[in-house]
Each structure stands twice: as structure tokens, then as C-alpha cells.
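Look at the chain shown here before reading on. The report then takes up its parts one at a time.

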Amino acid sequence: MANTPSMLRARVKLERQSAQHRFCLDVDCELPDSGVTAIFGASGSGKTTFLRCIAGLERPGQGEVVVAGQAWQQGTSFTPAYQRSIGYVFQEASLFEHLTAKGNLLFAMKRADQKVSDDYYQEVISLLGLETLLQRFPIELSGGERQRVAIARALLIQPKLLLMDEPLASLDQARRQEILPYLARLREVFAIPILYVTHSIDEIVQLADHVLVLQDGKQIAEGELTEVLSQPDLPMFTGFDAGTIWQGQVIERSETWHLAQVECAQGVSVWGRDTGISVGQTLRIRILARDVSITLEDATASSILNKISAKILRIDPDLDEAMLLVRLQCDVLSLTARITKRSAHELDLSIGQQVVAQVKSVALVC
Ligand SMILES: Nc1ncnc2c1ncn2[C@@H]1O[C@H](COP(=O)(O)OP(=O)(O)OP(=O)(O)O)[C@@H](O)[C@H]1O
């Protein structure tokens, strides 16, 4: 079969057997060769093992790994890890402690397949905001700064593929928020495909274009971000975490109220908390079903700012016996409301009914 150079092809089967435990990874997927693909799943589902197979750090019994038209594993041929053009960023930035940040970067550049141009070096330094950190030793850097150096180091290898294994997991919430914009810019500026392992749905929403979901070593979903995160039958996106993702453009900011308005479809917009984003910028917003309520008519005296006309498409059971998931259509957008069975009964909700969905602005971050 001819390889499709535009896709990242990964078919890996690997079995681990110990006295107490058997684990089998069985993944067969074609991922986009650009943008960020999030590898998502519970602890122990095989995310790191999958990444290690792509990197050549594990040798699956059966497998095919083709990246940018190059077969790294196929039939009996297996390219060792050091010959694969990969940048790998781990949970903890493992920098050489005896070298400055710059020394660590120069060391990586020697490993690059091609000479690193001054322009590329400067672009990486400025993208990760490292100008003032270059002369410091790792011990003099914060966790977030160390991780930024580690990401720069991975980029300076000029890899064909960037693997990131929970790069923010060792950082506190403030440091994560500090690094996320760098990662978002990295996705925009460099055309390197990124496989990004994470447990965090928020990180996926902010960064990923594509998602691969693993459970017990098997892929249970794969596809475009909004499509996968809206699947009602995936256990990790149901119940308390059920939600929908809307993408839109900031059309107004209110400095008085610290709110921003995002238009997500013709005539469908929501107000959320303003984080300083500019008018005209596009962003994704995750609307959790538990932050959406339903009324039969537009209640004028309400604390809720977002009232959206909607039609009921489906009413599904929830993991919690007391709750229901009401699937709504708002123009071309879908939305889910998580309400009690009692409310659905008292409002006498039915499929096809026209209602008003109320979305709490306080729950939305723009
Ligand atoms: N070196 C090893 N030897 C034996 N079993 C291992 C080894 N590393 C991982 N495993 C097992 O393989 C399975 C997959 O582990 P893996 O680290 O890939 O999961 P993960 O989804 O990345 O988990 P986490 O989110 O906790 O990092 C688990 O059952 C784990 O216990």
C-alpha cells in the first residue's frame, strides 16, 4: 500500500506482561501532519507508551510508524530513536545543571540534522521569551522557565515531529497559564506536528486541533477536536464533565464590567469573563452542560446574561440518576444542558420544543 505522506501513520501493537499485570497497547490511526493532536485518556491508558513507540523508545512487536513520508518502523525495519527526527518534551524539564540555559540550547543544536540558522534560533528564543534567561543556570530558573528552555531545546533540533508528554503537569495553575500562550504561539508559528499528552480538558480545548482518546490501551475515539469532545457516549466527557465547544470571534469588550462578547454563529454570541483578549481575535470556549439551564421564555429579570434561543434535539440519561442531558440546537451550533429530571418534568420538555438556553457568563473565560 502506498504511504500517504501527508498523514502521520501509527499502527502499534505492544504487550507487557508481568506477574501481576498485563497491558496491551493496540492503536491504529492516521493523524494530521500539522497542528496539535492531543492524546487523552485516564492514567494507565497507554498515552506515554504510545508516544514512546512513536519515538522508537519502545519496539512494538507489530507496528508501522510513518512520519512525513519516512517509515520509522515498517515490516522488520526499525529506525532507532536517535535517528528519528523528534523533539521530546517531558513532564519535568531535564536540563543539564552544569550548563546555562544557552549552553543547554547550544548542546541541542549540535544534534540538529541541519545547521540551525541565526534567524531560526532568534525566532525560537523570542517565541519562548528566553532573551533574559539565557545566562542563567537551571537552578536559577522557575519550573515554568525551565520548561520553556526545554521546549526551545526540542525545537532547536529542528524535528519533523514534536512529542510533548504532559509538559505542564509538574507546574502549578499560575505557571500553566503562563506557558499556555507560548504553546499556542508555537502551534501557529512552526509547521511541526505536535503530539501532546495530557489529562487536562482545558489544555486540549486551548491547544488541540485533533484528539486521540485511549482507554485500556485501545483507541476509543479519534477525530477533530469539537467532534470528539461532543461525543455523548465517551465516559470522560459525560456527566459532570459533559460540554460543548464553541469557536468564535471577540466582537466587543466591556472594560466597565470586565466582560468580552464572542460571536460563535450568525446572531449567536455569549458574554464571558474578559482575560484581555483583543476584539477580532478568535478563541474556543468550552461550555459545560452544568452551566447551562433552560427556561420556556426569555426571563427579563435574571442574573444570566447569555440567553440563547434553542430547539430541543434529544433528551439523554445522565450518569447521575437525578439528572438529564438535554441536547439543544442553537442556530448551527449544538449545546448541552444538564438539568434535573424534576425540572424537565415540571417544564414538560419534549423533543422539537423551542426553549431559551441560559449560559452563565461567570463560567466562560474569554
Ligand atoms: N516500564 C514498565 N514496565 C511495566 N509496565 C509498565 C511500564 N511502564 C508503564 N507500564 C504499564 O503500562 C500501562 C500504560 O502505562 P502508560 O505510562 O503508557 O500510561 P499513561 O496513560 O501514560 O499513564 P499516566 O497518565 O499515568 O502517565 C500501565 O498499565 C502501566 O502500569
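## Basis of the model

This is a predicted model, in which local features need pLDDT of at least 70, side-chain atom pairs count only at pLDDT 80 or more, and totals for chains, interfaces and linings use all residues. Residues are numbered from 1 along each chain as its sequence is written.

## Two domains

The chain is assigned domain 1 (7-237) and domain 2 (243-365); such bounds come from an automatic or database domain assignment. Their C-alpha centres are 33 Å apart. Six residues of domain 1 are in contact with seven of domain 2, where contact means C-beta atoms, placed from the backbone, within 7 Å. On the domain 1 side, helix 7 (residues 225-229) supplies the largest share, three residues. Helices (H or I, at least four residues) and strands (E, at least two) are DSSP runs, numbered from the N terminus.

## The largest nonpolar core

A nonpolar core is a set of buried Ala, Val, Leu, Ile, Met, Phe, Trp, Tyr and Cys residues joined through C-beta atoms within 7 Å. Buried means 20 or more other C-beta atoms within 10 Å of the residue's own, exposed means 12 or fewer, and partly exposed lies in between, with C-beta atoms placed from the backbone. The largest such core has 88 residues, and Ile 39, Phe 50 and Tyr 196 are among those with the most contacts inside it. Helix 4 gives the most to this core, seven residues. Each of domain 1 and domain 2 provides at least three.

Leaving out residues up to four places away in sequence, Tyr 196 touches Val 36, Thr 37, Ala 38, Ile 39, Met 164, Leu 207 and Ala 208.

## Helix 2

Helix 2 (residues 101-110) has the buried residues Ala 101, Asn 104, Leu 105 and Ala 108. They lie on the same side of helix 2 because they cover an arc of only 95° around the axis, taken from the directions from the helix axis to the C-beta atoms. An α-helix has 3.6 residues a turn, so residues three or four places apart point the same way. Helix 4 (143-156) is included in what covers these buried residues.

## Around the ligand

The residues surrounding the ligand include Arg 16, Phe 23, Lys 47 and Thr 48; a residue is near if its C-beta atom, placed from the backbone, lies within 6 Å. Helix 1 (residues 47-55) gives the largest share of this shell, three residues.

## Ser 309

Ser 309 belongs to strand 17 (residues 306-317). With 15 other C-beta atoms within 10 Å, Ser 309 is partly exposed.

Note on methods:
Two residues are in contact if their C-beta atoms, placed from the backbone, lie within 7 Å.
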